[in-house]
Amino acid sequence: MNIGVVIGEAKPTEVTAQSIRPLSVGEYVIVDSQNGKLLGLVERSIVSSDALTDIRNFDEAMESKEVAELNTRDKNYKVKIGILGFLDKLQKGQAIVPAVPPLPGTSILEATQQDLGMIFAPRSKEWIRIGSLLRNSEIEAKININRIVSRHIGILAMTGMGKSNLVSLIAKQVSSLQGTLIIFDYHNDYTNLSVPKISVTDAKINPRLLQADKLAEVIELRENADKQQRVLRESFTASVRQAKDFWTALEEGVSAFGHTTKGYADSASRVLDKIDDAKHRFSDILDPDCGDPVDLIKEGRVNVLSVAELSERQANVGLSYYLQELLNDRKDSYWAKKGRKLSRNTTKFSSPLFVIIEEAHVFIPKGEHTDTKYWASKVAREGRKFGIGLGIVSQRPRNIDPNVLSQMGSLAIMKIVQDDDQQQIASAAESLSKDLLTQLSSLNIGDAVLVGQWVNLPSIVHVDEVKGKAIGSDLDAVAEWSESTKYKEIAAESTQGLIQKDLLMD
Ligand SMILES: Nc1ncnc2c1ncn2[C@@H]1O[C@H](COP(=O)(O)OP(=O)(O)OP(=O)(O)O)[C@@H](O)[C@H]1O
Ligand SMILES: [Mg+2]
């Protein structure tokens, strides 16, 4: 169906058109050019009225309104259309822009299911459904799961806009493909995810396997407490690491160092307090007898590792340990497959892994060093070769390390209004045009701009809502308050009943 005509000056990458109805920004259209059908994306849409221009007062506006309603030629629907490439080439995954601009007078046609289906919803197995195109809602939107494992993803949006929902959807799809997914869950958002054979556990840290400075972080020694740091470093010997009763051996080592080294008695006793404190407070997490924490991760499953109980510093130690071990395991597995002899004879994961880090701005921050950042950027650089993909999720893109962010080959960006967040994303994603960027503030919950390797073309989609889970839903304070008032009243009544009973008994 003809819905418009190219007017004015046309370029190979951009045309202006007059349309029969107001078109939506983000809608795909066909530009029926002399050299073949081109796919276009409506990037700007302007509606104006001749009669209702240059109005000086209310009466004039009311009169002009009537004139405008009577005159079918009054409205002017003008659109700017970005040319994405030849339709038939895009259907084969190649974006080829014409050398010659479409001539003025070229028809603009409505894009059909047949035109768009092959581009946005290819049929092969690695393409999984995540929703539908926002403005052409009859068209499915799929992402290429192979490319997220090899080229990484970033999921960025303001809080409450649907990041965890998208992660849950990806988890469901990965699960149906028997893939291995690891989600570091900082807010227990995924513990109720209904995915078959999901494995939900608390992330653990085995203190025996840490470097001394990492153990110091985990038991929360202050970074500038040099003497305490030294006490721990000197006492954390190979025999302590291997001792049957780890904590007792460490405590004995610390006491002995305090007694034998002049001027260190006070520091040693402070370290003992810290060990005692950590041992009790973090007994679920800091476990010298848990073996290798990586063994908690099961191949072919969705693994939710809760880090909710950990402080930021501990979670950082835990995450970096996991990332390091997972990358090394994948490397070993890769080299073993190539026939190289390895120092350890078994590897744990024989197939690719995908790791998702929530609250990425905390663990992979801009402008400061963290171990997680070091290992995440190593995974981002090397993961492609060895089959370990990284997904970073954040509501504060401006605070994420720009180097790591720019290594994310694909992005899902949901509603973001802050200018500095938008700028950071723009500099990380070259395929995000200025016009798409301006769309970000007008998106609704669950709407996302998808750019990068996981889609054939940048697109605006509405993500399916994952039902049957309780992820990060906004709490209903009013309902909870009224519940608690009800309980208080019941409690008061029953206490009164008891008091009256007591009085009667007297
Ligand atoms: N695609 C969607 N369609 C409809 N509703 C959605 C969609 N995605 C999310 N929601 C709703 O929005 C709520 C918040 O979503 P979600 O927890 O995924 O946001 P978030 O971006 O992860 O938030 P936070 O920054 O707090 O982690 C959900 O409880 C859900 O009800
Ligand atoms: Mg969330």
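In what order do the eleven strands of the open sheet stand? The model is predicted, and in it the order runs β8-β7-β17-β16-β15-β9-β14-β13-β10-β12-β11, with mixed pairing. The edges are held by β8 (140-144) and β11 (199-202); each has a single partner strand, so one side of each lacks a neighbour in the sheet. On average, neighbouring strands are turned by 30° against each other, direction ignored.

**The β7-β8 end**
- Strand β7 (residues 127-133) pairs with β8 in the antiparallel sense, over five bridges.
- These strands, β7 and β8, make up a hairpin, and six residues lie between them.
- Within this pairing, Ile 128 is placed opposite Ile 143 of β8.
- Is β8 mostly covered or mostly uncovered? Although β8 stands at an edge of the sheet, four of its five residues are buried.

**The β16-β17 pair**
- Strands β16 (residues 447-452) and β17 (residues 459-463) run antiparallel and are joined by four bridges.
- Leu 450 has Ser 459 in β17 as its bridge partner.
- In the strand order, β17 stands between β7 and β16.

**A helix across the sheet**
- Which strands does helix α13 (residues 371-386) lie across? They are β13 (353-357) and β14 (388-394).
- The helix α13 runs at about 135° to β14.

Technical notes: Residues numbered from 1 in each chain as written. Chains lettered and ligands numbered in written order. Predicted model: local features only at pLDDT ≥ 70, side-chain atom pairs only at ≥ 80, totals over all residues. Heavy atoms only, no water. Pairing = 2+ DSSP bridges. Helix = DSSP H or I, 4+ residues; strand = E, 2+ residues; numbered from the N terminus. Axes fitted to C-alpha atoms, helices over the stretch in contact; angles between N-to-C directions. Contact = heavy atoms within 4.5 Å. Buried < 20%, exposed > 50% of the residue type's maximum accessible area, 1.4 Å probe, protein only.
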